[in-house]
Amino acid sequence: MKQFVVIGLGRFGKSIAQALSKKNFEVLAIDENEDRIKEMEGIVSQAVVMDATDDKALKELGVADFDTAIVSMGETVEDSIMITLSLKEMGLRQVIVKAKSALHSKILKRVGADRVIFPEREMAERLAESLASPKIFDFIELSEIHGIIEIVVPKKFVNKTLGDLKLREKYRVSAIAIKRKVPITKPDGSTDFKDEVVIGPGGDSEVISGDILILLGKNTDLDKIEKL
Amino acid sequence: MSDFEHLIELSDFYILSQKYEEALKSLKKAEKINRMEPKLYYNMGLAYEGLNDKDNARNAYRLALELDADLLSAREHLDKLIEE
């Protein structure tokens, strides 16, 4: 089972530690702040109060044996750079670091960060995409040219199969999944929905009203689908 | 059974059958008869939610809650939509 160490339990660090724990991964959470650590007890596998810039202490904790470290230090740019360097020197396979600026990001890459993230910027870009196009629920940029969108099925696609729609031929996009809300009756008699996802739908998969199509293609071609 | 009750029951059936557009047709007819029934708007919320029309779903659940602030299921659905 993959093991993660999360250093820094501010808003982002706490959220990622919780999300990974929910997926039943082993998570070691580290922060200098005792209150933040207390909040995580019982949620993550292990929560330790310590100064993560102390690389001897990190080694003693066995951090070198973890698969992935996520470094999310709020204000202290220098600390996140030092910790990244220590973790890479210890031999961690993957070190992901939250950056505050382009310069911070550049330095992190130089000292060995495997991935640098800007959570607010990335979320803002995705939100802007979905606000600009209400039919698009989510957008993931794969490159400057290609992306993936989640889009409510256009009316002209409803009650047709993917084979009928000929998405690749006519629109130059691929349907990689279909998401659908399926109504269920709860024990108290009320109605709720469970999400059903068909991955890699075949040509005989029928699309119904309310379905969300997850489409992969060039951004220009995905824009055309959105305008249908 | 009154026409209103029949239309609401029909909308229940359509929602469970994933025929959300038909459910909305029944509910809009029902709305012309009685606009004060929280279940009407709750079912509208379900139908819009099934169609992934989140804006209309939120509005419908809010209307249901204005008519019955204790309608827990409407509150749960609305909260889930707000967080999504």
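Let me begin with the pairing of strand 1 and strand 4 in chain A, where residues 3-7 and residues 68-71 run in the parallel sense and are joined over 4 bridges. Please keep in mind, as we go on, that this is a predicted model. Within that pairing, A:Ile7 of chain A stands opposite A:Val71, which belongs to strand 4.

These two strands sit in an open sheet of chain A that has 6 strands, ordered 3-2-1-4-5-6 and paired in parallel. At its edges we find strand 3, residues 46-49, and strand 6, residues 115-117, each of which pairs on one side only. On average, and ignoring direction, neighbouring strands of this sheet are turned by 15 degrees against each other.

Now, which strands does helix 4 of chain A lie across? This helix, residues 77-90, lies across strand 1, strand 4 and strand 5 of chain A, and against strand 5, residues 94-98, it runs at about 175 degrees.

Let me turn to chain B, where the axes of helix 1, residues 3-16, and helix 2, residues 20-33, come within 8 Å and cross at roughly 165 degrees. Because angles over 145 degrees count as roughly antiparallel, helix 1 of chain B is described as roughly antiparallel to helix 2 of chain B. The crossing of helix 1 past helix 2 in chain B is left-handed. Among the residues that make this contact are B:Phe4, B:Leu7 and B:Tyr14 from helix 1 of chain B, and B:Ala23, B:Leu27 and B:Ile33 from helix 2 of chain B. Taken by type, the residues of this contact divide into 11 nonpolar, 2 polar and 3 charged.

Note on methods: Residues are numbered from 1 along each chain as its sequence is written. Chains are lettered from A and ligands numbered from 1 in the order in which they are written. This is a predicted model: local features need pLDDT of at least 70, side-chain atom pairs count only at pLDDT 80 or more; totals for chains, interfaces and linings use all residues. Side-chain values use heavy atoms; hydrogens and water are left out. Two strands pair if DSSP finds at least two bridges between them. Axes are lines fitted to C-alpha atoms, for helices over the stretch in contact, and angles run from 0 to 180 degrees between N-to-C directions. Contact means heavy atoms within 4.5 Å. Angles under 35 degrees count as roughly parallel, over 145 as roughly antiparallel, 65 to 115 as roughly perpendicular and the rest as oblique. A crossing is left-handed if the near helix is turned anticlockwise from the far one by less than a right angle, and right-handed if clockwise. Ala, Val, Leu, Ile, Met, Phe, Trp, Tyr, Cys and Pro count as nonpolar, Asp, Glu, Lys and Arg as charged, and the others, Gly among them, as polar.
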